[in-house]
Amino acid sequence: MKSRLLGAVVMAACVLSAPQARAQQFINILTGGTSGVYYPLGVAIGKIYGDKIPGVKTQVQATKASVENLVLLQRGSGEIAFSLGDSLKAAWEGDEEAGFKSKLDKLRVIGAIYPNYIQIVATAESGIKTLADLKGKSLSVGAPKSGTELNSRAILKAAGMDYKDIGKVEYLPFAESVDLMKNRQLTATLQSAGLGVASLKDLSNSSEITVVSVPKEVVDKIGPPFVAATIPSGTYKGQDKDVPTAAVINYLVTSSAVSDDVAYQMTKLIFDNLPELANAHAAGREIKLEGAATGSPVPLHPGAIRYYKEKGLIK
């Protein structure tokens, strides 16, 4: 009887410890709206991690992008996220106006990826050709407190305007903005994304558009992390010339709660599989290892540092 009882106790202990022994690593990838650039790149990353990290289960979560992603990381509700550089800086500093009630001190960076281009697109029939022409018109500035919306505030301020100068401000994600423009319920949208964003391609394929310039002098007034950039001619149907604009670097961000080994693998697999990211979206072609370890307003994760040291990017 005693031996049976002892055996049962041992068996129970094994059963209870088994889940821990074969515990599955979970990686939740925080992206943005499904019609933006973050989401398809996130799906590609999810597949890479799922295929190449043993025992890992991945999930790709659509979000309101940068600000929400960083808040979720701080809470432990994600393992890796996309973010704009200015949102990341605001989160690290605890900028309440940008949507951060306190400093998000658990944030750690995996690496710099591609630049987001400020893409202001108006319907051709609206007559909007310059930033000043937005006065009195309707403009979608991105989801509330998103990275795009913070970019919108910065651009308008540098151009000597604010939301009060706009006839009607809509706080909508990319796809919803385009739907309103197609239905002639909105005249312009500001979208901060990689070149060739699906929503704007869709709009240009169905309507005549004007891509509005953001002059270098406006970009210089904002300063870092904004830099002057160009939307090349032919990026969207009907865009027959280069358009000056602003750009902000995007980052892949993780948390200090993520182990060094997992962060190392997440970093390595990104840069070992750049062709897959390029196939997922045109913006993926702009991700380069050379600049990945530089310029971040937040410390790199020790696991990422290990990878960059292997590659000779950090001594």
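Reply: On the contact count, 20 residues of domain 1 touch 22 residues of domain 2, with contact taken as heavy atoms within 4.5 Å. Keep in mind that this is a predicted model, where local features need pLDDT of at least 70, side-chain atom pairs count only at pLDDT 80 or more, and totals for chains, interfaces and linings use all residues. Residues are numbered from 1 along each chain as its sequence is written, and side-chain values use heavy atoms, with hydrogens and water left out.

Domain 1 is 25-114 + 250-311 and domain 2 is 116-248, bounds that come from an automatic or database domain assignment. Their C-alpha centres sit 25 Å apart.

Together the two domains bury about 1,500 Å², and carbon and sulfur atoms give 57% of that. Buried area here is the accessible area (1.4 Å probe) that two parts lose on being put together, summed over both. On the domain 1 side, Ser-35, Leu-84 and Asp-86 supply 34% of what that domain buries against domain 2, more than any other three residues.

As for polar links, there are 4 residue pairs in polar contact between the domains, both residues at pLDDT 80 or more. A polar contact is a pair of N or O atoms within 3.5 Å; within protein, one must be able to donate a hydrogen and the other to accept it, and residues adjacent in sequence count only if both atoms are side-chain atoms.

The side of domain 1 that touches domain 2 divides into 8 nonpolar, 8 polar and 4 charged residues.

Technical notes:
Ala, Val, Leu, Ile, Met, Phe, Trp, Tyr, Cys and Pro count as nonpolar, Asp, Glu, Lys and Arg as charged, and the others, Gly among them, as polar.
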